[in-house]
Amino acid sequence: MSSLPPDRSDAPADVPPSGFWDSPLRSRLALTAGAVVLMLLLLWWWRPLLLIPGTQPLVMSGGDPYLRALMRTISASESNVLRPYHVVYGHDYVWTLDVHPNRCESIGQGPNRGNCSTAAGRYQLLYSTWLELAARYHPQRTDDPLDATGLSFAPEYQDLVVHAWLSEGRWGNLSAQLRQGRVQPVLRRLSGTWTSLGYGIETNSMSRQLPRIYQQVLKEELARAGTDAAEQAAEKQKGRTAKTVRP
């Protein structure tokens, strides 16, 4: 007599294969990896501000994009901090920029060790240099050079004064040289004024990177200049249109 097939009602049901996200461990690893990738992308996108804060955009508007990029390159070496307009020599900060702080901070190393420096602001201008430049280029200047002692050292004025200084021709036509791609000769020429640019009595870890940094921020400045030019052209066109349709 044949026997009945065994009752398999108590056999375990087939379990479908689990998905990737069904494993808590795999899920956590994937989310962590995604967060790391996102952070790396953000660092790459925002690297001038996060990794080289001295290259942050200028406060002033307008100006030559090649000189603006040069100014951002100078501050990358001279004042590579999150608040470059407020920094004084020695990496201390001032809270107000009503006037140049004129604080003579001790120099602890280098060829000028034992002296003190009044360098301040994004471009680390000495007090005497600021007075000379402000008397010539500050928008609020008067005919009396002594009034320069009371002129504002606000970020916009730091930018405007240095932009005018770089434009005056003391070092030749810097804009033309930069347009020709002669970045290193320009930095060498300026190193007598801003010694951290290299080529002179002083250098720092940033000096070798400056030509690359310049090219990076120049792209941003040229893009900004193109956008500003397009907006100005659009505004002019609107003005012409308004005059045409005016009754």
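The axes are lines fitted to C-alpha atoms, for helices over the stretch in contact, and angles run from 0 to 180 degrees between N-to-C directions.

**Ground rules**

I am looking at a predicted model, in which local features need pLDDT of at least 70, side-chain atom pairs count only at pLDDT 80 or more, and totals for chains, interfaces and linings use all residues. Residues are numbered from 1 along each chain as its sequence is written, and side-chain values use heavy atoms, with hydrogens and water left out.

**Entry: overall layout**

I looked up the elements. The protein has eight helices and four strands. Helices (H or I, at least four residues) and strands (E, at least two) are DSSP runs, numbered from the N terminus. I read their order from the N terminus as α-α-α-β-β-β-β-α-α-α-α-α.

Next I checked burial. Buried means under 20% relative accessible area, exposed over 50%, and partly exposed in between (1.4 Å probe, protein chains only). Of the 247 residues, 36% count as buried. The protein exposes about 15400 Å², and carbon and sulfur atoms supply 58% of that area. Such areas come from the Shrake-Rupley method with a 1.4 Å probe; for residues, only the protein chains shown count as cover.

Then I turned to contacts, meaning heavy atoms within 4.5 Å. I took those between residues at least 6 apart in sequence: 58% of them join residues at least 24 apart.

**Entry: α3 and its partners**

I followed helix α3 (residues 65-78) to helix α5 (residues 155-167). The two pack at an angle of about 115 degrees, with their axes 10 Å apart. That makes α3 roughly perpendicular to α5. On the α3 side the contact is made by L67, L70 and M71. On the α5 side I find D159, V162, H163, L166 and S167. The crossing of α3 and α5 is right-handed. A crossing is left-handed if the near helix is turned anticlockwise from the far one by less than a right angle, and right-handed if clockwise.

At what angle does α3 pack against helix α7 (residues 183-190)? I noted about 60 degrees, with the axes 12 Å apart. α3 and α7 are therefore oblique to each other. Their crossing is right-handed. L70, T73 and I74 of α3 meet V186, L187 and L190 of α7.

**Entry: the disulfide**

I searched for cysteine pairs with sulfur atoms within 2.5 Å, the rule for a disulfide. The count comes to one. C104 is joined to C116, with 1.8 Å from S to S. The link is right-handed, with 75 degrees about the S-S bond. C104 lies in the loop between β2 (92-93) and β3 (105-106), and C116 in strand β4 (residues 116-117), so the pair ties together parts that are 12 residues apart in sequence.

**Entry: V87 and G121**

I then picked V87, which lies in strand β1 (residues 87-88). V87 is buried, at 2% relative accessibility. Its C-alpha atom is 5.3 Å from that of G121, 34 residues away along the chain. Neighbours within four places aside, V87 is in contact with S79, V81, D92, Y93, A120, G121 and Q124.

G121 is in the loop between β4 and α4. I read 0% relative accessibility there, so G121 counts as buried. G121 and H86 are 35 residues apart in sequence and 5.4 Å apart in space, C-alpha to C-alpha. With neighbours within four places left out, the contacts of G121 are S79, P84, Y85, V87, F153 and Q158.

**Entry: positive phi**

Most residues other than glycine have a negative phi. I wrote down two residues with positive values. N102 has phi near 50 degrees. N102 sits in the loop between β2 and β3, and is partly exposed at 37%.

Q124 has a phi of about 45 degrees. Q124 lies in the loop between β4 and α4 (127-137). Q124 is buried, with a relative accessible area of 12%.

Terms used: Parallel < 35°, antiparallel > 145°, perpendicular 65-115°, else oblique.
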